[in-house]
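How do two protein chains meet? Look at the sequence and the model below, then read on.

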Number of protein chains: 2
Amino acid sequence: VRGEFELIDLFRERIAVAGAAGSPRLALASGDDAAVSVPGGATATSVDAIVDGVHFRRQTFTPEQIGAKAMVAALSDLAAMGAGPGEAYVQLGLAPEMTESELTAMADGLARVASGEGAAVAGGDVVRSPVLFLAVTVVGHADMPTDFVTRAGAEPGDVMLVTDPLGGAAAGLVLLERPELAAALPGEIAGDLRHRQLEPTARISAGQALARAGAHAMIDISDGLAGDAAHLADASGARVVIDAAAVPVAPGISELRAHVDPDRLVYGGGEDYELLAALPRGRLEEAQASLRERGLDPAVIGRVEAGEGLVIRDATGREPAVQGFDQVRSPTRGEQS
Amino acid sequence: VRGEFELIDLFRERIAVAGAAGSPRLALASGDDAAVSVPGGATATSVDAIVDGVHFRRQTFTPEQIGAKAMVAALSDLAAMGAGPGEAYVQLGLAPEMTESELTAMADGLARVASGEGAAVAGGDVVRSPVLFLAVTVVGHADMPTDFVTRAGAEPGDVMLVTDPLGGAAAGLVLLERPELAAALPGEIAGDLRHRQLEPTARISAGQALARAGAHAMIDISDGLAGDAAHLADASGARVVIDAAAVPVAPGISELRAHVDPDRLVYGGGEDYELLAALPRGRLEEAQASLRERGLDPAVIGRVEAGEGLVIRDATGREPAVQGFDQVRSPTRGEQS
């Protein structure tokens with residue numbers, strides 16, 4: 001059995017695979033008191049932590065998937081800023097019973113996602129902890145602060161665009177927790193939904209494309225469409241109107257209708273990590289084309305109006321009772337950075 | 001009882017006190033997907049996590065002290081780079097039984113230390129966790145990467161300087177765990193030692209002064225003098241020779257000799273957060289003067305020679321048996337960033 005210091009070494013060696021392949025901005029990676037980088041004219045920094053039993057279960061995810069999920073969740077916030085990939089720093093709280101091979105697998109998952117998105121894992125630390133947690137800090141770069149797309153710029157007349165169908169990750173979790181429900185679906189679709197939960201993707205490239213297409217405001221859908229759309233409306237001081245019939249739903253969800261409310265998956269289900277953007281109408285075609293080039297299936301799901309708050313309307317113009325919506329109808333909370 | 005989202009708001013409001021007072025580099029603080037800053041020509045980034053029951057005990061520390069300790073531990077790594085204060089990001093894992101007032105007190109401790117050192121708390125997040133943890137990321141700025149002082153530059157002929165007497169924090173922890181031992185000490189000194197453990201200081205200003213005085217290499221003493229000196233020697237590819245008789249020891253430690261080995265406190269005791277620097281001999285007076293101006297009592301404790309590893313010699317030139325030294329005699333591990 002290795003000591004804690006040796007585990008720190010091991011973890012750093014594994015994540016350094018990505019560091020070495022990483023950012024030209026990195027002047028000095030893990031191994032000193034701090035990592036040294038040469039930033040762009042502006043940086044976007046976000047932190048995201050996941051905890052065993054709260055954000056994932058070790059029974060459901062492999063160690064490699066846990067590492068990957070932690071990195072995706074953090075990078076997704078950068079994607080929502082339209083930020084270029086930069087550096088990542090990982091703090092791992094290692095539970096007592098975990099093995100060395102679990103540690104290396106988590107490091108490999110972290111490194112795989114980071115290097116896949118062009119981010120360098122510049123630093124890492126391991127501490128002993130009664131419970132497994134991964135706290136990831138990511139830094140993205142741009143030339144100027146105004147190059148980043150915040151949640152706050154949506155303007156009346158903008159269209160609301162989502163990068164790909166929603167609800168898949170939440171449906172995947174349902175299938176993982178209740179495997180018998182998969183019988184209602186073609187095997188390939190059930191597998192896609194599970195994969196969506198177990199192997200999510202951060203839309204880094206899509207976020208940069210939307211920024212270039214002039215997105216006025218952007219957010220990643222990590223807490224469900226309703227909550228995140230409401231945050232964007234609040235931050236922008238505008239009303240976001242969503243046309244429920246236009247919201248694209250991941251294949252397989254309607255087949256699960258007898259067991260789980262599709263609205264709950266789409267409006268309340270987290271971890272899709274798709275992006276929701278407010279775009280000037282004149283740039284819509286350009287934005288959609290650039291997303292399709294990336295293999296995505298974007299959809300216009302609504303518009304921005306003068307006013308405040310989030311409104312979801314069905315085909316008749318009425319507001320349907322949407323699970324996961326009522327709770328966030330008047331959000332006053334801020335959001336994480 | 002407030003919900004998790006409200007606790008996140010509360011935490012952010014409290015730490016934002018420091019953010020608002022903070023860095024002119026901060027273009028957008030907590031409240032979007034990421035914080036946006038305008039960095040200097042180079043940044044130093046370090047992460048540090050502390051976990052209840054591992055790095056502190058909630059029975060020993062007040063919530064305010066826990067927050068302060070987490071921030072000091074992180075900022076100490078920046079001090080060791082000679083970095084100027086920049087931004088801090090905090091991820092709090094909140095244990096189920098913790099109250100709102102404990103949360104706000106921790107936020108106040110984090111904010112107090114950050115603003116005291118001129119760092120802006122630019123982002124924060126709260127997640128539910130079975131155990132309390134605080135994971136802090138700090139970013140410091142300089143004009144160029146070479147402005148930072150790493151562990152790797154010590155040269156034969158350099159003198160080894162420590163910023164203030166050592167062992168106080170470890171002795172304070174002994175007194176907190178075994179209060180009856182305080183009877184061996186004047187009350188004021190016992191109080192000073194406890195304070196040293198409960199209210200540590202990051203030597204940000206001292207680190208910058210040592211960088212300006214041309215320090216070739218620097219490290220913060222967080223794991224005990226022996227371990228950290230060995231890391232500096234290893235990183236520099238040089239031998240560090242410490243004269244045991246010259247190592248300054250915090251007042252009160254010798255009076256505890258009957259109960260605890262002073263060497264264990266000084267060489268193996270962590271959390272002093274003093275700095276150990278390798279300085280060119282010609283800059284020594286300047287460095288000492290600048291530290292004394294800051295109320296510190298620096299001491300030359302040894303020198304750098306050609307060779308490798310750490311050697312500790314007593315007045316007779318022999319290597320004494322030093323607790324906390326043998327374990328690290330041939331360290332091969334890297335260190336945290």
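Contact here means heavy atoms within 4.5 Å. In this predicted model, 62 residues of chain B are in contact with 62 residues of chain A. Together the two chains bury about 4,700 Å² between them. Of that buried area, 57% is on carbon and sulfur atoms.

**Who sits at the interface**

| Class | Residues on the side of chain B that touches chain A |
|---|---|
| Nonpolar | 30 residues |
| Polar | 19 residues |

**Links across the chains**

Two salt bridges are counted between chain B and chain A. In one of them, D33(A) pairs with R151(B). The closest N and O atoms of D33(A) and R151(B) are 2.8 Å apart.

The largest share comes from β3(B), with nine residues.

Strand β3 (residues 42-51) of chain A is joined to β2(B) by three bridges. The two strands run antiparallel. Within this pairing, V36(B) is the bridge partner of A44(A).

**How the copies relate**

Two copies of a chain are related by a rotation about an axis and a shift along it. What rotation superposes chain B on chain A? It is 180°, with 0.0 Å of shift along its axis and an RMSD of 0.0 Å. That is the relation of a two-fold axis. The same surface serves both copies. Of the contact residues of chain B, 100% recur in chain A.

Note on methods
Residues numbered from 1 in each chain as written. Chains lettered and ligands numbered in written order. Predicted model: local features only at pLDDT ≥ 70, side-chain atom pairs only at ≥ 80, totals over all residues. Heavy atoms only, no water. Buried area = accessible area lost by both parts, 1.4 Å probe. Salt bridge = Lys/Arg side-chain N within 4 Å of Asp/Glu carboxyl O. Helix = DSSP H or I, 4+ residues; strand = E, 2+ residues; numbered from the N terminus. Nonpolar A, V, L, I, M, F, W, Y, C, P; charged D, E, K, R; others polar. Pairing = 2+ DSSP bridges. Least-squares fit on C-alpha atoms with pLDDT ≥ 70 in both.
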